[in-house]
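Please read the following note beside the coordinates.

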Amino acid sequence: MAIKHSLSRRSLSNHSTQKQLWYQIFLVLALVPLLVGILLILTALTGALVRPTAWEQAIIGSLYILTSFVLSNVLQKQWKLMLGWLLLGAAIWLGLNWAETGVRILAAAMAGGGIALIFREFLRRRQQYLAEHGNQKFAAKRSKQR
């Protein structure tokens with residue numbers, strides 16, 4: 001009986017380790033668009049063009065960077081941040097590819113919504129951090145005063 005019990009623990013542990021390994025591999029792969037985007041922007045600044053113009057190459061590089069943010073947030077199950085980056089990227093793409101006023105207004109609204117989602121999540125996390133670490137700093141100051 002004890003042998004079966006230890007074997008089942010090993011298989012669960014092995015499955016968990018394998019799952020974590022795939023998760024880490026996917027997180028590293030999500031960095032590939034980030035590196036490609038940075039490379040495109042830097043080469044546009046130096047004049048080594050892959051696209052017809054430096055402006056176009058820099059925009060495509062920034063879209064690659066936003067894609068990396070979306071992928072990493074999906075893998076980490078941070079849905080609000082994912083939606084914010086996705087809205088921002090879609091707004092940039094729409095604004096650059098369609099010249100109609102209505103589409104550009106929609107793109108501006110999407111960009112505003114995306115920035116609002118990202119900013120709100122940033123503020124929420126900052127407040128959470130200050131609540132967790134602010135009490136520690138206050139306690140340290142108080143102990144020094146005594």
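Is Lys77 buried or exposed?

1. Lys77 counts as exposed, at 60% relative accessibility. The cut-offs are under 20% relative accessible area for buried and over 50% for exposed, with partly exposed in between, using a 1.4 Å probe and protein chains only. Lys77 sits in the loop between α3 and α4. Its phi is positive, about 60°, although Lys77 is not a glycine. Most residues other than glycine have a negative phi.

2. Basis of the note. This is a predicted model, in which local features need pLDDT of at least 70 and side-chain atom pairs count only at pLDDT 80 or more, while totals for chains, interfaces and linings use all residues. Residues are numbered from 1 along each chain as its sequence is written, and side-chain values use heavy atoms, with hydrogens and water left out.

3. Confidence. pLDDT is the predictor's confidence in each residue, from 0 to 100. The protein chain has a mean pLDDT of 87, and 83% of its residues reach 70 or more. Where pLDDT is low, the predicted coordinates should not be read in detail.

4. Overall content. The protein chain holds five helices and zero strands, in the order α-α-α-α-α along the sequence. Helices (H or I, at least four residues) and strands (E, at least two) are DSSP runs, numbered from the N terminus. Of the 146 residues in the protein chain, 22% are buried.

5. Helix α2. This helix covers residues 31–46; its 16 residues reach 23 Å from first C-alpha to last, close to the 22 Å expected at 1.5 Å a residue. The expected span is 1.5 Å times one less than the number of residues. Pro33, Gly37, Leu40, Thr43 and Ala44 are the buried residues listed for α2. They cover an arc of only 135° around the axis, which puts them on the same side of α2. The arc is that of the directions from the helix axis to the C-beta atoms. Leu35, Leu39, Leu45 and Thr46 are exposed on the other side of α2. Just after α2, Gly47 has a positive phi of about 100°.

6. Ile38. This residue is also in helix α2. Ile38 is partly exposed, with a relative accessible area of 38%.

7. Helix α3. At 1.5 Å a residue, the 22 residues of α3 (residues 54–75) should span 32 Å, and the end C-alpha atoms are 32 Å apart, which agrees. The buried residues of α3 are Gln57, Ile59, Gly61, Leu63, Ile65, Leu66, Ser68, Val70, Ser72 and Asn73.

8. Packing of α2 with α3. Two packed helices are described by the angle between their axes and the distance between the axes. For α2 and α3 the angle is about 160° and the axes are 7 Å apart. Axes are lines fitted to C-alpha atoms, for helices over the stretch in contact, and angles run from 0 to 180 degrees between N-to-C directions. α2 and α3 are therefore roughly antiparallel to each other; angles over 145 degrees count as roughly antiparallel, under 35 as roughly parallel, 65 to 115 as roughly perpendicular and the rest as oblique. The crossing of α2 and α3 is left-handed, a term used if the near helix is turned anticlockwise from the far one by less than a right angle, with clockwise being right-handed.

9. Packing of α3 with α4. The axes of α3 and helix α4 (residues 79–97) come within 8 Å and cross at roughly 160°. That makes α3 roughly antiparallel to α4. This crossing of α3 and α4 is left-handed.

10. Helix α4. Its 19 residues reach 27 Å from first C-alpha to last, close to the 27 Å expected at 1.5 Å a residue. Buried residues in α4 include Leu81, Met82, Trp85 and Leu88. Gly84, found in helix α4, is buried with a relative accessible area of 0%. Gly84 and Gly114 are 30 residues apart in sequence, but 3.8 Å apart in space, C-alpha to C-alpha.

11. Glu121. This residue lies in helix α5 (residues 101–145). At 8% relative accessibility, Glu121 counts as buried. From Glu121 to Lys80 the C-alpha distance is 7.3 Å, with the two residues 41 apart in sequence.
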